[in-house]
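Hi,

Here is the structure I said I'd pass on.

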Amino acid sequence: MERGAIDIGELEGPFDLQATVESGQSYLWNRADGRMYEESAAYGGDAWYETVVAPIPGVTAEQVVLRARQVGGVHDGTLEWEASTDAVPLLTHLLRLDDDLDAILDATPALPLLDRAYDAYEGMRLIRDPAFPCLVSFICSAQMRVARIHGMQRRLREEFGETLTVDGERYHAFPTPDRLAACTEEELRDLSLGYRAPYVQRTAEMVAEGEADPREAVDLDYEDARESLRRFVGVGDKVADCVLLFSLGYLEAVPLDTWIRSTIEDHYPDCERGNYADTSAAIREQFGGEYAGYAQTYVFHYLRSGGE
(Lines give C-alpha, C1' and ligand atoms only; values in the text may rest on other atoms or scores of the structure.)
Protein backbone atom coordinates (compact mmCIF):
# COMPACT_ATOMS: atom_id res chain seq x y z
CA MET A 1 0.00 0.00 0.00
CA GLU A 2 1.16 3.50 -0.80
CA ARG A 3 0.77 6.10 1.96
CA GLY A 4 0.34 9.83 2.04
CA ALA A 5 -1.53 12.74 3.57
CA ILE A 6 -3.59 15.76 2.54
CA ASP A 7 -3.29 18.99 4.53
CA ILE A 8 -6.84 20.03 5.35
CA GLY A 9 -5.65 23.58 5.92
CA GLU A 10 -4.90 23.87 2.21
CA LEU A 11 -8.49 23.03 1.18
CA GLU A 12 -11.10 25.64 0.33
CA GLY A 13 -13.07 25.38 3.55
CA PRO A 14 -13.13 22.87 6.41
CA PHE A 15 -13.40 19.09 6.11
CA ASP A 16 -14.85 16.43 8.42
CA LEU A 17 -14.30 12.87 7.22
CA GLN A 18 -16.58 11.17 9.73
CA ALA A 19 -19.52 13.48 9.10
CA THR A 20 -19.03 13.12 5.35
CA VAL A 21 -18.99 9.31 5.17
CA GLU A 22 -21.42 8.61 8.05
CA SER A 23 -24.19 11.04 7.12
CA GLY A 24 -26.39 8.74 5.05
CA GLN A 25 -24.95 9.79 1.70
CA SER A 26 -22.82 6.72 1.02
CA TYR A 27 -22.98 3.07 2.01
CA LEU A 28 -19.76 2.01 0.30
CA TRP A 29 -17.31 2.72 3.13
CA ASN A 30 -16.60 0.52 6.13
CA ARG A 31 -15.20 1.74 9.42
CA ALA A 32 -12.25 -0.42 10.43
CA ASP A 33 -13.30 -0.56 14.09
CA GLY A 34 -16.73 -1.92 13.11
CA ARG A 35 -18.65 1.12 14.41
CA MET A 36 -19.94 2.47 11.08
CA TYR A 37 -23.27 4.22 11.60
CA GLU A 38 -23.20 3.31 15.28
CA GLU A 39 -25.12 6.03 17.09
CA SER A 40 -22.86 5.92 20.14
CA ALA A 41 -19.66 6.37 18.11
CA ALA A 42 -18.43 9.81 19.12
CA TYR A 43 -17.46 12.41 16.56
CA GLY A 44 -13.97 13.78 16.32
CA GLY A 45 -12.06 10.51 16.47
CA ASP A 46 -9.38 9.24 14.12
CA ALA A 47 -10.98 5.99 12.93
CA TRP A 48 -9.88 4.46 9.64
CA TYR A 49 -12.47 4.16 6.86
CA GLU A 50 -12.08 1.65 4.02
CA THR A 51 -13.57 1.12 0.58
CA VAL A 52 -12.81 -0.49 -2.77
CA VAL A 53 -13.39 1.86 -5.68
CA ALA A 54 -14.16 0.60 -9.18
CA PRO A 55 -12.51 2.35 -12.15
CA ILE A 56 -13.82 5.90 -12.60
CA PRO A 57 -13.35 7.53 -16.01
CA GLY A 58 -10.89 10.39 -15.78
CA VAL A 59 -9.94 9.56 -12.19
CA THR A 60 -8.60 6.00 -12.03
CA ALA A 61 -8.35 3.27 -14.64
CA GLU A 62 -7.96 0.53 -12.05
CA GLN A 63 -9.77 -0.86 -9.05
CA VAL A 64 -8.36 0.72 -5.91
CA VAL A 65 -8.32 -0.37 -2.27
CA LEU A 66 -8.49 2.83 -0.26
CA ARG A 67 -8.21 3.64 3.46
CA ALA A 68 -8.40 7.07 5.04
CA ARG A 69 -8.54 8.69 8.44
CA GLN A 70 -8.58 12.24 9.76
CA VAL A 71 -6.14 13.39 12.42
CA GLY A 72 -6.74 16.79 13.95
CA GLY A 73 -9.39 19.43 13.38
CA VAL A 74 -11.64 20.33 10.50
CA HIS A 75 -9.57 23.42 9.66
CA ASP A 76 -6.00 22.39 10.40
CA GLY A 77 -5.97 18.58 10.51
CA THR A 78 -4.56 15.98 8.16
CA LEU A 79 -6.35 13.45 5.97
CA GLU A 80 -4.06 10.42 6.03
CA TRP A 81 -4.49 7.72 3.40
CA GLU A 82 -3.29 4.26 2.40
CA ALA A 83 -4.10 2.89 -1.04
CA SER A 84 -3.01 0.57 -3.81
CA THR A 85 -2.18 3.71 -5.88
CA ASP A 86 -1.82 7.46 -5.37
CA ALA A 87 -5.07 8.29 -3.61
CA VAL A 88 -5.06 12.09 -3.77
CA PRO A 89 -7.03 12.37 -7.05
CA LEU A 90 -9.42 9.67 -5.89
CA LEU A 91 -10.09 11.21 -2.47
CA THR A 92 -10.50 14.63 -4.09
CA HIS A 93 -13.13 13.17 -6.41
CA LEU A 94 -15.00 10.93 -3.96
CA LEU A 95 -15.10 13.39 -1.05
CA ARG A 96 -15.41 16.56 -3.12
CA LEU A 97 -12.27 18.05 -1.63
CA ASP A 98 -12.19 20.40 -4.62
CA ASP A 99 -15.42 22.11 -3.50
CA ASP A 100 -15.06 25.60 -2.02
CA LEU A 101 -17.19 24.74 0.98
CA ASP A 102 -17.09 28.22 2.51
CA ALA A 103 -18.34 29.77 -0.73
CA ILE A 104 -21.05 27.12 -1.12
CA LEU A 105 -22.42 27.66 2.38
CA ASP A 106 -22.23 31.43 1.96
CA ALA A 107 -24.37 31.04 -1.16
CA THR A 108 -27.17 29.28 0.75
CA PRO A 109 -29.82 31.30 2.62
CA ALA A 110 -29.30 32.47 6.20
CA LEU A 111 -31.99 30.26 7.73
CA PRO A 112 -31.83 29.43 11.46
CA LEU A 113 -32.23 25.68 10.90
CA LEU A 114 -29.44 25.63 8.30
CA ASP A 115 -27.17 27.68 10.55
CA ARG A 116 -27.62 25.19 13.38
CA ALA A 117 -26.94 22.25 11.07
CA TYR A 118 -23.82 23.90 9.60
CA ASP A 119 -22.48 24.65 13.07
CA ALA A 120 -23.12 21.10 14.30
CA TYR A 121 -21.32 19.35 11.42
CA GLU A 122 -18.84 21.92 10.17
CA GLY A 123 -16.77 20.47 7.33
CA MET A 124 -19.22 17.86 6.08
CA ARG A 125 -19.04 17.60 2.30
CA LEU A 126 -21.16 15.85 -0.27
CA ILE A 127 -20.11 12.45 -1.55
CA ARG A 128 -19.42 11.68 -5.20
CA ASP A 129 -19.96 7.90 -5.31
CA PRO A 130 -19.68 5.70 -8.42
CA ALA A 131 -23.06 5.62 -10.14
CA PHE A 132 -24.04 1.94 -10.15
CA PRO A 133 -23.25 1.19 -6.47
CA CYS A 134 -24.97 4.44 -5.50
CA LEU A 135 -28.05 3.46 -7.50
CA VAL A 136 -28.25 0.02 -5.88
CA SER A 137 -27.68 1.47 -2.40
CA PHE A 138 -30.62 3.84 -2.67
CA ILE A 139 -32.91 1.28 -4.28
CA CYS A 140 -32.32 -0.59 -1.00
CA SER A 141 -32.96 2.50 1.13
CA ALA A 142 -36.76 2.59 1.16
CA GLN A 143 -38.18 2.53 4.69
CA MET A 144 -34.78 1.64 6.16
CA ARG A 145 -32.50 3.15 8.78
CA VAL A 146 -29.02 4.09 7.56
CA ALA A 147 -27.32 1.34 9.58
CA ARG A 148 -29.49 -1.32 7.96
CA ILE A 149 -28.91 0.08 4.47
CA HIS A 150 -25.17 -0.03 5.13
CA GLY A 151 -25.46 -3.62 6.36
CA MET A 152 -27.23 -4.64 3.14
CA GLN A 153 -24.51 -3.13 0.99
CA ARG A 154 -21.77 -4.71 3.10
CA ARG A 155 -23.38 -8.14 2.69
CA LEU A 156 -23.69 -7.62 -1.07
CA ARG A 157 -19.97 -6.84 -1.24
CA GLU A 158 -18.96 -9.78 0.92
CA GLU A 159 -21.18 -12.29 -0.87
CA PHE A 160 -20.93 -11.24 -4.52
CA GLY A 161 -18.07 -8.75 -4.81
CA GLU A 162 -14.51 -9.50 -5.85
CA THR A 163 -12.18 -10.14 -2.91
CA LEU A 164 -8.87 -8.28 -2.94
CA THR A 165 -6.00 -9.04 -0.58
CA VAL A 166 -3.55 -6.24 0.18
CA ASP A 167 -0.82 -6.53 2.81
CA GLY A 168 -2.56 -9.62 4.15
CA GLU A 169 -5.92 -7.86 4.61
CA ARG A 170 -9.05 -8.82 2.66
CA TYR A 171 -11.29 -6.20 1.07
CA HIS A 172 -14.51 -6.64 -0.92
CA ALA A 173 -15.41 -4.65 -4.01
CA PHE A 174 -19.01 -3.79 -4.82
CA PRO A 175 -20.47 -6.42 -7.17
CA THR A 176 -20.45 -5.63 -10.85
CA PRO A 177 -23.75 -5.28 -12.75
CA ASP A 178 -23.03 -8.62 -14.46
CA ARG A 179 -22.61 -10.38 -11.11
CA LEU A 180 -25.77 -8.95 -9.55
CA ALA A 181 -27.74 -9.61 -12.73
CA ALA A 182 -26.79 -13.29 -12.44
CA CYS A 183 -28.14 -13.52 -8.87
CA THR A 184 -31.49 -15.08 -8.18
CA GLU A 185 -34.15 -13.21 -6.27
CA GLU A 186 -33.84 -15.83 -3.52
CA GLU A 187 -30.09 -15.21 -3.16
CA LEU A 188 -30.69 -11.49 -2.72
CA ARG A 189 -33.56 -12.02 -0.31
CA ASP A 190 -31.22 -14.19 1.78
CA LEU A 191 -29.16 -11.03 2.34
CA SER A 192 -32.23 -9.31 3.84
CA LEU A 193 -33.05 -7.22 0.76
CA GLY A 194 -36.70 -8.28 1.04
CA TYR A 195 -39.03 -6.85 -1.61
CA ARG A 196 -36.10 -4.83 -2.96
CA ALA A 197 -34.40 -8.00 -4.26
CA PRO A 198 -36.13 -8.13 -7.67
CA TYR A 199 -35.59 -4.38 -8.11
CA VAL A 200 -31.84 -4.77 -7.59
CA GLN A 201 -31.63 -7.82 -9.85
CA ARG A 202 -33.60 -6.22 -12.69
CA THR A 203 -31.73 -2.90 -12.45
CA ALA A 204 -28.40 -4.74 -12.56
CA GLU A 205 -29.67 -6.67 -15.59
CA MET A 206 -30.59 -3.42 -17.36
CA VAL A 207 -27.06 -2.06 -16.84
CA ALA A 208 -25.31 -5.35 -17.64
CA GLU A 209 -27.20 -5.77 -20.91
CA GLY A 210 -26.72 -2.16 -22.00
CA GLU A 211 -30.43 -1.38 -21.79
CA ALA A 212 -29.75 1.65 -19.59
CA ASP A 213 -26.90 3.24 -17.64
CA PRO A 214 -27.30 5.66 -14.71
CA ARG A 215 -24.48 7.80 -16.11
CA GLU A 216 -26.66 8.63 -19.11
CA ALA A 217 -28.31 11.22 -16.86
CA VAL A 218 -25.13 13.29 -16.70
CA ASP A 219 -25.34 16.64 -18.54
CA LEU A 220 -29.12 16.45 -18.94
CA ASP A 221 -31.24 19.23 -17.50
CA TYR A 222 -32.13 18.44 -13.90
CA GLU A 223 -35.72 17.32 -14.48
CA ASP A 224 -34.71 15.23 -17.51
CA ALA A 225 -31.90 13.65 -15.52
CA ARG A 226 -34.34 12.62 -12.80
CA GLU A 227 -36.65 11.14 -15.42
CA SER A 228 -33.73 9.24 -16.97
CA LEU A 229 -33.03 7.51 -13.66
CA ARG A 230 -36.69 6.64 -13.12
CA ARG A 231 -36.33 4.06 -15.91
CA PHE A 232 -34.71 1.70 -13.44
CA VAL A 233 -36.90 -0.74 -11.53
CA GLY A 234 -37.50 0.42 -7.97
CA VAL A 235 -36.46 4.01 -8.68
CA GLY A 236 -38.92 6.79 -7.98
CA ASP A 237 -38.33 10.51 -7.63
CA LYS A 238 -36.64 10.32 -4.21
CA VAL A 239 -34.16 7.59 -5.15
CA ALA A 240 -33.43 9.36 -8.43
CA ASP A 241 -32.69 12.58 -6.54
CA CYS A 242 -30.32 10.70 -4.21
CA VAL A 243 -28.33 9.36 -7.15
CA LEU A 244 -28.28 12.77 -8.82
CA LEU A 245 -26.99 14.40 -5.63
CA PHE A 246 -24.60 11.80 -4.24
CA SER A 247 -23.13 10.50 -7.49
CA LEU A 248 -23.80 12.58 -10.57
CA GLY A 249 -23.05 16.09 -9.31
CA TYR A 250 -26.52 17.69 -9.34
CA LEU A 251 -25.94 19.79 -6.23
CA GLU A 252 -29.39 21.37 -6.51
CA ALA A 253 -31.19 18.04 -5.94
CA VAL A 254 -33.22 17.72 -2.72
CA PRO A 255 -34.45 14.16 -2.05
CA LEU A 256 -37.79 14.33 -0.25
CA ASP A 257 -37.30 11.63 2.36
CA THR A 258 -39.09 11.40 5.71
CA TRP A 259 -36.73 13.85 7.42
CA ILE A 260 -37.01 16.52 4.75
CA ARG A 261 -40.78 16.16 4.53
CA SER A 262 -40.90 16.67 8.31
CA THR A 263 -38.65 19.70 7.90
CA ILE A 264 -41.08 21.15 5.37
CA GLU A 265 -44.02 20.49 7.68
CA ASP A 266 -42.34 21.98 10.77
CA HIS A 267 -40.31 24.85 9.31
CA TYR A 268 -41.34 25.64 5.71
CA PRO A 269 -45.00 24.64 5.32
CA ASP A 270 -45.47 26.98 2.35
CA CYS A 271 -43.20 24.63 0.36
CA GLU A 272 -45.73 21.79 0.53
CA ARG A 273 -47.44 21.71 -2.86
CA GLY A 274 -49.22 18.34 -2.77
CA ASN A 275 -46.94 16.46 -5.16
CA TYR A 276 -43.28 15.53 -5.32
CA ALA A 277 -42.20 17.63 -8.30
CA ASP A 278 -43.71 20.91 -7.12
CA THR A 279 -42.78 20.42 -3.47
CA SER A 280 -39.23 19.55 -4.50
CA ALA A 281 -39.01 22.70 -6.62
CA ALA A 282 -40.29 24.83 -3.73
CA ILE A 283 -37.86 23.48 -1.12
CA ARG A 284 -35.00 23.76 -3.59
CA GLU A 285 -35.82 27.44 -3.96
CA GLN A 286 -36.14 27.81 -0.17
CA PHE A 287 -32.67 26.28 0.25
CA GLY A 288 -31.10 28.57 -2.32
CA GLY A 289 -31.31 26.71 -5.62
CA GLU A 290 -27.85 25.89 -6.96
CA TYR A 291 -26.50 24.30 -3.76
CA ALA A 292 -29.80 23.23 -2.21
CA GLY A 293 -28.53 19.64 -1.99
CA TYR A 294 -25.81 20.72 0.41
CA ALA A 295 -28.40 22.39 2.63
CA GLN A 296 -30.61 19.30 2.45
CA THR A 297 -27.79 16.97 3.47
CA TYR A 298 -26.80 19.09 6.46
CA VAL A 299 -30.42 19.26 7.63
CA PHE A 300 -30.96 15.53 7.09
CA HIS A 301 -27.88 14.58 9.10
CA TYR A 302 -28.55 17.16 11.81
CA LEU A 303 -32.14 16.03 12.38
CA ARG A 304 -31.42 12.31 12.00
CA SER A 305 -28.70 12.65 14.64
CA GLY A 306 -31.06 14.26 17.13
CA GLY A 307 -30.16 17.89 16.53
CA GLU A 308 -33.63 19.29 17.29
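Arginine 96 sits in the loop between α2 (88-94) and α3. Helices here are DSSP runs of H or I with at least four residues, strands are DSSP runs of E with at least two, and both are numbered from the N terminus. Before going further, the model is a predicted one, so local features need pLDDT of at least 70 and side-chain atom pairs count only at pLDDT 80 or more, while totals for chains, interfaces and linings use all residues. Residues are numbered from 1 along each chain as its sequence is written, and side-chain values use heavy atoms, with hydrogens and water left out.

Back to arginine 96: it is not a glycine, yet its phi is positive, at about 50°. Most residues other than glycine have a negative phi. Is arginine 96 buried or exposed? Buried, because its relative accessibility is 6% (buried means under 20% relative accessible area, exposed over 50%, partly exposed in between, with a 1.4 Å probe and protein chains only).

Aspartate 219 is another non-glycine residue with a positive phi, about 75°. Aspartate 219 belongs to the loop between α9 and α10 (222-229), and with a relative accessible area of 74% it counts as exposed.

The loop between α3 (101-106) and α4 (112-120) holds threonine 108, and leucine 111 is placed in the loop between α3 and α4 as well. Threonine 108 is buried, because its relative accessible area is 8%. Leaving out residues up to four places away in sequence, threonine 108 touches Tyr118, Phe287 and Tyr291 (contact means heavy atoms within 4.5 Å). The side chains of threonine 108 and tyrosine 118 are also joined by a polar contact of 2.9 Å. By polar contact I mean a pair of N or O atoms within 3.5 Å; within protein, one must be able to donate a hydrogen and the other to accept it, and residues adjacent in sequence count only if both atoms are side-chain atoms.

Leucine 111 is buried too, with a relative accessible area of 14%. With residues up to four places away in sequence not counted, leucine 111 touches Tyr268, Gln286 and Phe287. From leucine 111 to glutamate 211, which is 100 residues along the chain, the C-alpha separation is 43 Å.

**Strands**

There's an open sheet of five strands, ordered β1-β5-β4-β3-β2, with antiparallel pairing (two strands pair if DSSP finds at least two bridges between them). Its edges are β1 (2-7) and β2 (30-31), each of which pairs on one side only. β1 and β5 pair antiparallel over six bridges, and isoleucine 6 stands opposite leucine 79 in β5.

On to β4 (residues 64-71), which is antiparallel to β5 (residues 78-83) and joined to it by six bridges. Arginine 69 faces glutamate 80 in β5, and valine 71 has threonine 78 in β5 as its bridge partner. The hairpin of β4 and β5 has six residues between the strands, and glycine 72 there has a positive phi near 95°.

There is also an antiparallel pair made by β6 (residues 163-166) and β7 (residues 169-172), with four bridges. Threonine 163 is bridged to histidine 172 in β7. How many residues lie between β6 and β7 in their hairpin? Two, and aspartate 167 in the turn has a positive phi of about 50°.

**Helices**

Helix α5 (residues 131-139) packs on helix α11 (residues 237-246) at an angle of about 145°, and their axes are 9 Å apart. Axes are lines fitted to C-alpha atoms, for helices over the stretch in contact, and angles run from 0 to 180 degrees between N-to-C directions. Cys134, Leu135, Phe138 and Ile139 in α5 meet Val239, Cys242, Val243 and Phe246 in α11. The residues of this contact are eight nonpolar, no polar and no charged (Ala, Val, Leu, Ile, Met, Phe, Trp, Tyr, Cys and Pro count as nonpolar, Asp, Glu, Lys and Arg as charged, and the others, Gly among them, as polar).

Lastly, arginine 202 is in helix α9 (residues 197-208) and is partly exposed, with a relative accessible area of 25%. Its side chain makes a polar contact of 2.8 Å with the side chain of glutamate 205. Setting aside neighbours within four places in sequence, arginine 202 is in contact with Glu211 and Val233. The C-alpha atoms of arginine 202 and valine 233 are 6.5 Å apart, with 31 residues separating them along the chain.

Cheers
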